[in-house]
Amino acid sequence: MEMVLQLFLLAVGFTLLIKGADWFVEGASKVADRLGIPQLVIGLTIVAMGTSAPEAAISISAALKGSADIAVGNVVGSNIMNVLLILGMTALITPLMVQPSTVRYEIPFLIIITVIFAAVGLWDHVVGGIDGALLWGLFILYLAYLFVMAKKGQGGPAEEKAEGEKESLFKMLGLIVTGCILIVAGSNITVDAATALARIFKIDERIIGLTVVAFGTSLPELVTSIAAGIKKKADIAVGNIVGSNIFNILFVIGTSAAITPVAYQADFFVDSIVCIAASALLLLCVLNKERKLKRFGGAVMLAAYAGYFAYLL
């Protein structure tokens, strides 16, 4: 009965996380839109942070509760899953166009910060305050890059709505606050349920974090990317996933480490290598004349994830 209860609580936690992130993004985007902030900037910052909100809430909550393996496993597992599984599945539905800046700057930057994250973690098996400050410094640099790119782009403010169509600021703020409450509640329930399931099945928390929790927190990216692929509007899917992965490492782990030291056990060495290799494989797959992630590349990515999943089992 306890197993059934914990599985139910895990599902409840994931539901709260996903709905909370959805409402947070909706509210924050509308407030930014009301303030006249360009849509490109909104997409590159608020939406990217919103899709990383479940990972942030889970990892910070897990770190505070002493479940560091779930905190690290969640981020590493989500990043591997985002690239190999989600982009692989989406590319099979339709080839994905990749923005030139994503190929030149963002994917190489993702590879570099993943190496840095693995290096500081494996060096003394803890990601501490200084490491968190380093990641946050890189995060600020990344935000500066995004704003420069947005300024160079064509993203202007959204079209002005008629007065009657505008939603009240009170409702928008309500969505933001409610979203944050759901995210926090969902993260607490999810971490507790995942820890309990690891105890019941006698499974390492690292494996739970890399698989079950990572899948749950990657659901927003999974649903969004596949839906975009089906609607033939997946031109920026690769950029969105890459941006989400960058946020996961710099913002999520950087914030977690700033709050409390996060243990990084030696067993994460192979997972870290796979995480780096996944990003390198993505770069290799899009280095073609058309700058596309083609179906063959998607199939290779899915095969790679299947091999990694078999290793975990």
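Analyst: Lys294 lies in the loop between strand 4 (292–293) and helix 10 (295–312). Helices (H or I, at least four residues) and strands (E, at least two) are DSSP runs, numbered from the N terminus. This is a predicted model, in which local features need pLDDT of at least 70, side-chain atom pairs count only at pLDDT 80 or more, and totals for chains, interfaces and linings use all residues. Residues are numbered from 1 along each chain as its sequence is written, and side-chain values use heavy atoms, with hydrogens and water left out.

Leaving out residues up to four places away in sequence, Lys294 touches Ala91, Pro95 and Asn288, where contact means heavy atoms within 4.5 Å. Leu92 is 202 residues from Lys294 along the chain, yet their C-alpha atoms are separated by 7.5 Å.

Contacts of that kind can be set against the whole protein. Among contacts between residues at least 6 apart in sequence, 87% join residues at least 24 apart. The protein has 10 helices and 4 strands, in the order α-α-α-β-α-β-α-α-α-α-β-α-β-α. Of its 313 residues, 51% are buried.

The axes of helix 4 (residues 100–124) and helix 9 (residues 268–286) come within 10 Å and cross at roughly 170 degrees. Axes are lines fitted to C-alpha atoms, for helices over the stretch in contact, and angles run from 0 to 180 degrees between N-to-C directions. Helix 4 and helix 9 are therefore roughly antiparallel, the term for angles over 145 degrees. The residues of this contact divide into 14 nonpolar, 3 polar and no charged. Here Ala, Val, Leu, Ile, Met, Phe, Trp, Tyr, Cys and Pro count as nonpolar, Asp, Glu, Lys and Arg as charged, and the others, Gly among them, as polar.

Cys275 counts as buried because its relative accessibility is 6%. Cys285 is also buried, with a relative accessible area of 18%. A search of the whole structure finds 0 disulfides, a disulfide being a pair of cysteine sulfur atoms within 2.5 Å.

Technical notes: Parallel < 35°, antiparallel > 145°, perpendicular 65-115°, else oblique. Buried < 20%, exposed > 50% of the residue type's maximum accessible area, 1.4 Å probe, protein only.
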